[in-house]
Amino acid sequence: MPNNLRTMFILVCALALPLMTFAKVEVPSIFGDNMILQRELWVPIWGTASPGEKVLVSFDNRTVATTADNQGKWMVKLKPLETSRTERKLTIKGSNTITFEGVLVGEVWLCSGQSNMADKFNPQKKRYIEPEYFKMDLSRFRFSSRQGWNEITPATQRSVSRVSFYFGIELYKELNIPIGLILRYNSATPIQAWMPKEASEVIRKKLGIPADWKDAQRIRNPAVQFDDKIAPIVPFAFRGAIWYQGERNAKAQTGWEYRHLLPFHIKTWRELWATRAGTKLRNFPFYYVQVPTQDSPLDAEWPWLRDAMRRALDATENTGMAVFYDHGPSLHPENKQPAGERLALWALAKDYGRKDLVYSGPLLDEVTIDKDRAVLSFEHIGGGLKNKSGEKNLKFFEIAGKDGKYVEADAWIQADAVIVQNKDITDPAYVRYLFRKPEPNAEISLINAEGLPASSFMTDDFMPPRETHAPGREADGGARDVIESDSVPVFVDTASADTQPTGLIAEGHDSRIDLVWDRISDTDQDLFNIYRAEQADGPWKKLNVYPHTVHVYSDFIGKNGRTYHYRVTRWIDDETDFRKHRVKRRTRGDKQVHGTESAPSESASATTHEMNDEEFLDSMQKACFRYFWDFGHPVSGLAREGFLHRRSTTTTGGTGFGMVTIMVGADRGFVTRAQAADRLLKMVTFLEEKAERYHGLWAHHLRGDTGETIPFAGKEDNGGDIVESAFLMEGMLTIREYFGRDDPVENELRERITRLWEEAQWSWYLQSGDKMLTWHWSTNYGFAKNHKFRGFNECMIAYLLAMASPTHSIPADCYYLGWAGNVDRYVNGRTYYAIKQPVGNPLGGPLFFTHYSYIGLDPHQLTDAYTNYYDNNRAISLIQHRYAIDNPNNHQGYGKLVWGLTASQNPRGYKAHAPGANSNRDDGTIAPTAAISAFPYTPNESTATLKHFYYEMGSRLWGPFGFHDAFNLGADWVSPSYLAIDQGPMVPMIENHRTGLPWKMFMKSDVAKAILEKLEEARPAAK
């Protein structure tokens, strides 16, 4: 190299040196001098360094090496350590060396919560550690605060939580080993502030909690405390956690939901520690204080919060609860020592081998109703149940009948049980204890012989009355701006464009894994990419060719025992319209999609596994359920018309089917009963208060955000649709019977449905002098369409409801003179494929004739002058099955496992498909809903077909909400869409086969009784 070039090269390198940086080895602040490491467990040590840098961690004569990854992150895990009372050094060495002095090994506990946990010693307020404790050697009793690890001394006590100290000192005295307390708390904070953001959104939406659980005070918002205080210490090793929190949730009217929030919070922390540490899930101990009460007249939701804490014991393993009611009624009990000591009892007994300890007060175990009294048995009675007052009668017990109206009760101890009775309640149903705080002191009556108080309890599931959040609150509502454009509201997501998806859940089924994540905006016009990996750290493969358009995805794998990891990104499209992505591409050479991609969601994993027949049907129902639950309109909750339709368009009849589907989902445990009731109340409230009605009935299509009518079949169809309204009313009347508890949400749901039923003017749609109903009426055009209808078809329910109306009925003879009409046309009586068909068109017609009117109406109980309608519907279903085997039109694929013609999409549009040789009604299009919704009529044939569609054709037919709408094997076509009217019958009709639940609910109603009575009244008109 020439000298001048060499000189220039050296100069350039010299100038560049200051720009080259070498990251030091660093660790989180939870590590420090005087810290205590957890014994007997793997101990993670982690931090950052330069990418690729080698890091050595040395402790107790052992050294572990690792290398920082390409992001500069590293972690080692020390093998389980033995107890050490001798101070040692922990050394971390890379390009630099970190040394921590005075390290001990013992028992470490995380102490967290809100103000009562944060309440520290303060000598100026005469709150100080008693002098006798300092006579002990406390040098190995230490705590971690934001300022590092310290011994507990008179000088440092002002930084120590009182509850935590009294908990820890009991362990320190008993075990005589180093004890470390990690103190992480903040006053006035709700539980959601201590969860990761994604987790808090998952549980918020699952419970139907409004998005406004965010608070004007930032410290109370979801994830704020977690991000600040918990995330930096994950996955530091500890034995367990103690928790004193809940007061803020009681005040913020989520005390009742705490029964779900607390178990979810515990599970989230446990999984987080295991995932970050890369270790097996450890259900570490989690002990909490049952808050006492509040000295306010309204008492907020304290009784519900306390009972939620009690119920959480059964919902989550390895938990414990310290009852603290006897030290209220203040929000901040002055004496915190009993809380800490009672928490320590749980730890000593459950984690440190003290089998002789009675560590809990009495907890309600079982309630038995014995004639006019309730007999209560308890766990943790110790040396026996006692009345603290020494009197015979226990105070603060109440009892109620099925109406839920509580009255004071006599209660006394009999052997190891408590008897509760009020002579005015002859048929008791519910009992509660310590529901409201005794004034002016926090008195109790029931204890065990060891003096530990019984937990308060209530045996009902009634939600508290609320002012802040009315029933029917939206589960998925969020911030949005409304822009008016040509009088059509357009919702614009206010989230930033790079918002990553949250709340991803993976659920393993037979041969597939389903994914669900949080809805991003009310438009539901968001685009996603879905990635899958065989290993948790990748490599990741994108599953979708074009952006996915809904926050539900189903990965049909076709094999069991396969575990996969998933993550989702949001796609922000630069130049194309959302509608472009809703249609599955069928040609090559499409214009490439351009855009940007968000950061990926947190990953989720699941495993495919074989299912028995009952589990398999559950799985089928759950997939279809998601169309109405996850894809339901976010503003109104109503069912959207179809997957490829405008997302603002909802359908009346499909909503009725969807309501029954949601009811079945609640009964099957896909969502909780409370979640289902809230969603259904939201839907019914919208239908009553916002949706346009026409003499009490609704249009076929409604805008799901405003309730405005969307014309369906031409401009004259811009008003009431009696048939679609009948399907909707059938659904509402069915759920009215199921949600029959004395509960604020369920009460309002029933009341609103009853009002809508009584306000429906069915007789308006019977024109003067007619016996046939008219399908449509418009404010602008009246009966201009003049579409009168009769059977046999899907419309029977409209005549039956119109006849049974208590306020606006049509004459009963309309059944035979209008619905049945021409007897020669209505009655069939011919035999097809050796099966006699009582009524209806030749070969029965489309199978939806046998589904829509019988979602709730049980055809077994419906017999007129011509037939029993279960027999008729079964005959039509069997005829269709045998028609497919015969296959007179030679369509590809037809046979005993591929059958079912009904109204559905086809390769050229939409048609009501029906059997017929050389008929254009049979073009080779099969709709899965036809055979599946026939389950009650053809269980064997439907089961075989369902399994064939799934196991043999699932890779083509299956999608996010189950089977796609239809397929035509001859045309090599599968519908890319779903339709509410085809999705809607499947879940209810499968359930009618399994348990008969929808039929049972509708048929026990007064409406069903009226229908059967009107049919008898009409019989003289039969020809």
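In strand β20, Ile419 is the bridge partner of Val375. The model examined here is predicted. Strand β15 (residues 373-379) and strand β20 (residues 417-421) pair in the antiparallel sense, and five bridges link them. Strands of a sheet pair through backbone hydrogen bonds, in either a parallel or an antiparallel way.

The pair β15 and β20 belongs to an open sheet of four strands, in the order β14-β15-β20-β19. The pairing in this sheet is antiparallel. Strands β14 (363-370) and β19 (410-414) stand at the edges. Each has a single partner strand, so one side of each is left without a neighbour in the sheet. On average, neighbouring strands of this sheet are turned by 25° against each other, direction ignored.

Another open sheet of four strands has the order β18-β17-β21-β23. Its pairing is antiparallel. Here β18 (406-408) and β23 (457-458) take the edge places. Each of these two edge strands has a single partner, so one side of each lacks a neighbour in the sheet. Strand β17 (residues 397-400) pairs with β18 in the antiparallel sense over three bridges. Within β18, Tyr406 is the bridge partner of Ala400.

Attention now turns to the helices. The axes of helix α12 (residues 652-668) and helix α14 (residues 722-738) come within 6 Å and cross at roughly 20°. Angles under 35 degrees count as roughly parallel. Helices α12 and α14 are therefore roughly parallel to each other. Their crossing is left-handed. On the α12 side, the contact is made by Thr652, Gly653, Gly654, Thr655, Gly656, Phe657, Met659, Val660, Met663, Ala666 and Asp667. On the α14 side, it is made by Glu724, Ser725, Phe727, Leu728, Gly731, Met732, Thr734, Ile735 and Tyr738. The residues of this contact divide into ten nonpolar, eight polar and two charged. An α-helix has 3.6 residues a turn, so residues three or four places apart point the same way.

Helix α16 (residues 796-804) was examined for burial. Nine of the nine residues of α16 are buried, so this helix is largely enclosed by the rest of the structure. The buried residues are Met796, Ile797, Ala798, Tyr799, Leu800, Leu801, Ala802, Met803 and Ala804.

Some loops hold cis peptide bonds. Pro235 is found in the loop between α6 (224-230) and β11 (240-244). A cis peptide bond also joins Gly538 and Pro539, where omega is about 5°. Pro539 lies in the loop between β28 (527-533) and β29 (541-542).

Backbone angles in other loops were also examined. Asn890 is a residue other than glycine with a positive phi, near 55°. Its place is in the loop between α19 (869-886) and β43 (903-906). The relative accessibility of Asn890 is 65%, so this residue counts as exposed. The cut-off for exposed is over 50%. Asp972, also a residue other than glycine, has a positive phi near 50°. Asp972 sits in the loop between β47 (967-968) and β48 (973-974). With a relative accessible area of 56%, Asp972 is exposed.

Key:
Residues are numbered from 1 along each chain as its sequence is written. This is a predicted model: local features need pLDDT of at least 70, side-chain atom pairs count only at pLDDT 80 or more; totals for chains, interfaces and linings use all residues. Side-chain values use heavy atoms; hydrogens and water are left out. Axes are lines fitted to C-alpha atoms, for helices over the stretch in contact, and angles run from 0 to 180 degrees between N-to-C directions. Angles under 35 degrees count as roughly parallel, over 145 as roughly antiparallel, 65 to 115 as roughly perpendicular and the rest as oblique. A crossing is left-handed if the near helix is turned anticlockwise from the far one by less than a right angle, and right-handed if clockwise. Contact means heavy atoms within 4.5 Å. Ala, Val, Leu, Ile, Met, Phe, Trp, Tyr, Cys and Pro count as nonpolar, Asp, Glu, Lys and Arg as charged, and the others, Gly among them, as polar. Buried means under 20% relative accessible area, exposed over 50%, partly exposed in between (1.4 Å probe, protein chains only). Two strands pair if DSSP finds at least two bridges between them.
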